[in-house]
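Reader: I would like to go through this model feature by feature. Please give the general idea each time, then the case at hand.

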Amino acid sequence: MTDHLVIAPVLLPLLVGTLLLLIKSEDLRFQRILSTVSVIAQIGLALGLLCAVYGGEILVYTVGNWQAPFGIVLVADRLTAWMLIITALLSFCALLYAVRGADSAGRHFHVLFQMQLLGLNGAFLTGDLFNLFVFFEILLLASYSLLLHGGGRNRTKAGLHFVVINLVGSTLFLFAVGTLYGMLGTLNMADLAVKVAATPPEDIFLVNTAGLLLFGVFALKAALLPLYAWLPGAYAHTTASVAAIFAIMTKVGAYCILRVYTLIFGAQAGLAANLIEAWLLPLALATLIFGVLGIMASTHLRQQVAYLVIASIGSLLIAFGLNTEIGIAAGLYYLPHSTFSVAAFFLLADAIAKRRGEIADKFEPGPVIVYQRLFGVLFFITAVLVAGLPPLSGFIGKFLILHAALEHPMLPWVMSIILITSLLGLVALARGGSRLFYRTLPVTDTTVVINSEPNLNTPRSMIGELLPIISLLALCVALVICAGPITEFSMATANQLLQPSNYIQAVLSDGGQY
């Protein structure tokens, strides 16, 4: 029965999304209740899977009883469960914010939200490269529509860039998997790990080319330099709840890099061993630099937060690029911190913008907003969190990354770039905060139209607005309180990833359930 939990995170959003589409209910309240119950259930399923694999077990689900490598398999291990629980918690907070009214700006928001979760959960669970492509397409199709939800010129323009660039990535993905299948006759990741390791010298060029092409696709999804240009506009111009759930989107690319290049192209891959080791760390360092430069040059708060996403993916992939157990473990701790903190910042930026009238989130003098001290405190906490100052989770995550780099040949580069960019990021956030909360217009100035939502600052509305933000910040606090157990789990997960023989044996044996 435990093994059947593996397919549940895929089936639940699929069934709920289909149900929401088929019933065509015009009752938005019913859609909200059903969607919220579904996400709560997904949190329970993710916790169940986390408990099931906590001791190192690897659960395999063979769909239709077609055994690997011939059939479709879903695989759950520590890394999968970790990604699922992060996604479920994030989606719950984003949905809480959306049901305040953003979901009514267009049709089928909740259907698309469930399809987005289907794509995300499937991408984390699949054990097959082609089905990874399928789940990528599901989450991207849903994300296209969610990005455009509510309409608007800037949103449509950003959405067009998002669609075109990701369609190019999807095409390259097909080229890569087609080449691997043509050379090796399989797309099952465990089977690929065996066959790549046994690839003869005359075939290794094409296999390595396909592997590097896959890296390019995953780097595009992760917004790694120089493939990040699509992200700032898309994230800055969509609705806040969608931007918050998009905080996990770049982590899908990072997850795929970690999974594929430890399992298939890791140290055991023969002539293809450590295929991207020379590329990943330098590109991650450059991504962090350019992300922070974008933060400093931003003229709007939401644009600044979008560049924070790029900077955070740079820090995350620096940890993975160290290619050591302690480095991967540091990245796995940093991953939920960066996801939750950036998502909270997107929601907070939206709440602030609504109260500044026509100026919105521009770094320009505006009116003194209602509850300015409260929002100022939340801004300060979130800024300290993402900048990596003690004693919050951002500091612990960056400290772990720096500690992991102590024995690495690129230590001077890693140390200097992380420390300098952290300082510059803090300065940029402090400057932005001062312009939002200290450089205000006199109350007699009539050139600014203050928010047009009369019920925006009622106690009930404030609770509904701040609850998701505070919940995400509380999750970051939980990462500090539970830092010991989480780092132990991260170390165990990293150890499991760097010893892929157990994964291969579990998938290619006849022990899967159907």
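**Contacts, burial and helix packing**

Author: Leaving aside neighbours within four places in sequence, Gln 496 is in contact (heavy atoms within 4.5 Å) with Gly 56, Glu 57, Ile 58, Asp 77 and Arg 78. The model is predicted: local features need pLDDT of at least 70, side-chain atom pairs count only at pLDDT 80 or more, and totals for chains, interfaces and linings use all residues. Residues are numbered from 1 along each chain as its sequence is written, and side-chain values use heavy atoms, with hydrogens and water left out.

Reader: In which helix is Gln 496 found? Is Gln 496 buried or exposed?

Author: Helices are DSSP runs of H or I with at least four residues, and strands are runs of E with at least two, numbered from the N terminus. Gln 496 is found in helix α19, residues 483–497. Buried means under 20% relative accessible area, exposed over 50%, and partly exposed in between, with a 1.4 Å probe and protein chains only. Gln 496 has a relative accessible area of 12%, so this residue is buried.

Reader: What does Ser 35 touch?

Author: Ser 35 lies in helix α2, residues 28–53, and is buried with a relative accessible area of 0%. Not counting residues up to four places away in sequence, Ser 35 touches Leu 95, His 110, Phe 113 and Gln 114.

Reader: How should I read residues that are apart in sequence? Take Phe 162 and Gly 233.

Author: Read the separation in sequence together with the distance in space. Phe 162 and Gly 233 are 71 residues apart in sequence, and their C-alpha atoms are 8.7 Å apart. Phe 162 belongs to helix α6, residues 153–184, and counts as buried because its relative accessibility is 1%.

Reader: What is Val 217 in contact with?

Author: With neighbours within four places in sequence left aside, Val 217 is in contact with Gly 169, Leu 172 and Phe 173. Val 217 and Leu 172 are 45 residues apart in sequence and 6.7 Å apart in space, C-alpha to C-alpha. Val 217 is found in helix α8, residues 204–222, and is buried at a relative accessible area of 1%.

Reader: How is a pair of packed helices described?

Author: Two packed helices are described by the angle between their axes and the distance between the axes. Axes are lines fitted to C-alpha atoms, for helices over the stretch in contact, and angles run from 0 to 180 degrees between N-to-C directions. Here the axes of α13 (residues 301–321) and α17 (residues 411–437) come within 12 Å and cross at roughly 165 degrees. The two helices are therefore roughly antiparallel; angles under 35 degrees count as roughly parallel, over 145 as roughly antiparallel, 65 to 115 as roughly perpendicular and the rest as oblique.

Reader: Which residues of α13 and α17 make the contact?

Author: On α13 they are Leu 301, Gln 304, Leu 308 and Ile 318, and on α17 they are Val 414, Ile 418, Ala 428, Leu 429 and Leu 436.

Reader: How many disulfides does the structure hold?

Author: A disulfide is a pair of cysteine sulfur atoms within 2.5 Å. The structure holds zero disulfides. Cys 51 is in no disulfide, and the nearest cysteine sulfur, that of Cys 482, is 14 Å away. Cys 51 is exposed, with a relative accessible area of 65%.
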